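Here are some notes to read alongside the model.

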Amino acid sequence: MLNIENLSVAYGKIAAIKEVSLHLDAGEIVAIIGANGAGKSTLINAVSGVVPVQSGTVRFQDAEIHKMPAWKIARQGVVQIPEGRKVFPKMTVRENLEMGAYAEKNAADTLRHAEEMETMFPVLRERRNQLAGTLSGGEQQMLAIARGLMARPKLLMFDEPSMGLSPVMVEKVFQIIRTIHQQGITVLLVEQNAKKSLQIAERAYVLETGRITLADTGANLLENALVKRAYLGIAS
Amino acid sequence: MFIQQLINGLTLGSIYALFALGYTMVYGVLLMINFAHSEIFMLGAYCGLGMLCVLPMAASGPAMFAVFAAAMFGSGAVAMLVERVAYRPLRHAPRLSPLISAIGISIFLQNLIMLTVGAQSMPYPEKFPIRQFEFWGVTLSTLQIFIFFLAVILMLLLNLFLRKTKMGKAMQATAQNHLVSQLMGINVNTIIALTFFVGGGLGGAAGVLNGLYYGSIKYNMGFFPGIKAFTAAVLGGVGNIKGAMAGGFILGILEVFAAGYLSSEYKDVIAFVVLIVVLIIKPGGLFGEQVTEKI
């Protein structure tokens, strides 16, 4: 479904990711784990088209999306839930959801879909007419996820969804990601929380200073000595 | 006296408010002051004049509509073109570059009109009969009523557009975050162009109203009203749409009061005094950010 080949991205002269190749099959849930600054967010942003690709290709369902502007990539069904939520703070919760379905022409369909989202995330119904900037961090994350789902994504990419959330909220967010995957949406998860990610991911890649150093199933990586030492904080 | 000044102030304020919206809307999406907006205002007045001269029909509602349609569409289109050629190529340049580019465009447009249309001021034909009402020693003209209501109607329409339509909401989203708007499938370039079109159109309407009110227009007519509309936008908090509307009315009233109670010589001074005082005391404007953003 998604094929990344030899992708390199640089900020000025500083290479952020170097010759990264990875793939996702339809229906998979795949994680990319790595330390802060390893290039995880850069990778996801390059797929979304919001940072320019230096070389390499990104193909999504036979379309070369690395040549497209970001808004067109989103309309292909490649949707990102950005790091730090980034809801539209001065718009209401409902308006944020409507923005998620911007490409949808049918207003009645958008309305129905927004109501489905409120059923999935009841807090969004309670806060429907509240400005998104006044929500708590956890509520904003729910809104950001719902807003992403409003676009009816084929591939949903999460950038650090657990960042800055309480342990209870982190648990809930991972539960939601699992549910979304079970609904048949392909998921790419970028996380610092390696343990949780590897537990829900079918496969995972380890990104270190811009390069992929390990690729395996989530279960195998949880048992991998290197991963244990570097990312799970377990001495072996 | 007081009521009379208030009426005159509201009339002038209507023009400033419409004009200020273009500054504030563009600042909202691009964080830049479009200093060429004063020339968009001037071009609107000229487009309106052109339509007034070619229209064969006598004074009528449709004729008035045609005049404003021509001015708004013409100004909007030029504003969009200016964005495309002078600002978009500099989108990622240091913030000073588009500012200088704006000043260049401003000089270019003024000289273009001066050389092609003329350096003399041109009378705005009084095709539409103006009646005066007098009561309690106050004079009120149909033109003043027209200016006020047209401005209010246009502002209500803008508000409706921003709050109820998808494009309008996308404009708000773009003003809040370009990057995330793109992730929603919003073509940010289109929305920015649309912002220039709408803001430019409102500026063009203000230009025609200015021509009708003062009776003549000139190639450099945009300069002083431009600074005042900019002050109105700052007064309301640049980027804040309702603030610009309120700021326009407040500034118009202040200016007329200064002229009436101090001396008409002080008419232009007051705008600059307001600008300086606001920038020193409350740089965020009277209606600064109300929303507390949680991170």
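1. Helices (H or I, at least four residues) and strands (E, at least two) are DSSP runs, numbered from the N terminus, and two strands pair if DSSP finds at least two bridges between them. Within this pairing, A:Ile29 has A:Val187 of β8(A) as its bridge partner. Please keep in mind that this is a predicted model, in which local features need pLDDT of at least 70 and side-chain atom pairs count only at pLDDT 80 or more, while totals for chains, interfaces and linings use all residues. Residues are numbered from 1 along each chain as its sequence is written, with chains lettered from A and ligands numbered from 1 in the order in which they are written.

2. β8(A) also pairs with strand β7 (residues 155-159) of chain A, again in the parallel sense and over 5 bridges.

3. How many residues of β8(A) are buried? The strand is mostly covered, with 6 of its 6 residues buried; a residue is buried if 20 or more other C-beta atoms lie within 10 Å of its own, exposed if 12 or fewer, and partly exposed in between, with C-beta atoms placed from the backbone. In a regular strand the side chains alternate between the two faces of the sheet. In β8(A), A:Thr186, A:Leu188 and A:Val190 point one way, A:Val187, A:Leu189 and A:Glu191 point the other way, and all are buried.

4. Chain A also has an open sheet of 4 strands, in the order β2-β1-β4-β5, with antiparallel pairing. Its edge strands, each pairing on one side only, are β2 (14-24) and β5 (63-64) of chain A.

5. Strand β1 (residues 2-11) of chain A is joined to β2(A) by 7 antiparallel bridges. These two strands form a hairpin with 2 residues between them, and A:Gly12 in the turn has a positive phi of about 65°. β1(A) also runs antiparallel to strand β4 (residues 55-60) of chain A, with 5 bridges. A:Leu2 stands opposite A:Leu24 in β2(A) and opposite A:Phe60 in β4(A), while A:Asn3 faces A:Arg59 in β4(A).

6. Do look at helix α1 (residues 40-48) of chain A too: this helix lies across β1, β2 and β4 of chain A, at about 70° to β2(A). Axes are lines fitted to C-alpha atoms, for helices over the stretch in contact, and angles run from 0 to 180 degrees between N-to-C directions.

7. Turning to chain B, the axes of helix α3 (residues 61-87) and helix α4 (residues 96-116) of chain B come within 10 Å and cross at roughly 130°. α3(B) and α4(B) are therefore oblique to each other (under 35 degrees is roughly parallel, over 145 roughly antiparallel, 65 to 115 roughly perpendicular and the rest oblique). B:Val82, B:Ala86 and B:Tyr87 of α3(B) meet B:Pro98, B:Ser101, B:Ala102 and B:Ile105 of α4(B); contact requires C-beta atoms, placed from the backbone, to lie within 7 Å.

8. Finally, the contact between the chains takes 19 residues from chain B and 24 residues from chain A. On the side of chain B that touches chain A, α6(B) gives the largest share, 6 residues.

Conventions. Two residues are in contact if their C-beta atoms, placed from the backbone, lie within 7 Å.
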